[in-house]
Amino acid sequence: MTTYITEAHEKRIRGQIISVVNLTPSFREDQKIAVKKVIEQQLYEIFCKYVSSKA
């Protein structure tokens, strides 16, 4: 099971308090590297599609 790092922020806007909670997965170093590679590959594929449609 993945654990998460929680960040909570509150901001008062027009008299109301808005809460934003950010959950970030806590990965081991090898998992971080694997996730980064997958994201880079997906972004590269999107970039290639964008460039080929502009040419």
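## Getting started

Two strands pair if DSSP finds at least two bridges between them. Helices (H or I, at least four residues) and strands (E, at least two) are DSSP runs, numbered from the N terminus.

What you're looking at is a predicted model, where local features need pLDDT of at least 70, side-chain atom pairs count only at pLDDT 80 or more, and totals for chains, interfaces and linings use all residues. Residues are numbered from 1 along each chain as its sequence is written, and side-chain values use heavy atoms, with hydrogens and water left out.

## The overall layout

Along its principal axes, the C-alpha trace spans about 50 × 35 × 15 Å.

How much of the chain is buried? Buried residues make up 0% of the 55 residues, where buried means under 20% relative accessible area, exposed over 50%, and partly exposed in between (1.4 Å probe, protein chains only). Take contacts (heavy atoms within 4.5 Å) between residues at least 6 apart in sequence: 6% of them join residues at least 24 apart.

## Surface and charge

The chain's accessible surface (Shrake-Rupley method, 1.4 Å probe) comes to about 5500 Å², and carbon and sulfur atoms account for 58% of that.

As for charge, the chain carries 9 positive and 6 negative charges, and their mean positions sit 8 Å apart. Here Lys and Arg count as positive and Asp and Glu as negative, while His and the chain ends are not counted; each charge is placed at NZ of Lys, CZ of Arg, CG of Asp or CD of Glu.

## The two strands

Strand E1 (residues 3-13) and strand E2 (residues 16-26) run antiparallel, joined by eleven bridges.

Glutamate 7 is a handy one to look up in E1. With a relative accessible area of 38%, glutamate 7 is partly exposed. Setting aside neighbours within four places in sequence, glutamate 7 is in contact with Val20, Val21, Asn22 and Thr24.

## The turn between them

The hairpin of E1 and E2 has two residues between the strands. Arginine 14 lies in that loop and is exposed, with a relative accessible area of 84%. What about its backbone? Phi of arginine 14 is near 50 degrees, a positive value in a residue other than glycine. Most residues other than glycine have a negative phi.

## Over to the helix

Helix H1 covers residues 29-54, and alanine 34 lies in it. At 42% relative accessibility, alanine 34 counts as partly exposed.

How far apart are the C-alpha atoms of alanine 34 and isoleucine 18? They are separated by 35 Å, with the two residues 16 apart along the chain. Glutamate 7 and valine 38 are 31 residues apart along the chain, and their C-alpha atoms are separated by 25 Å.
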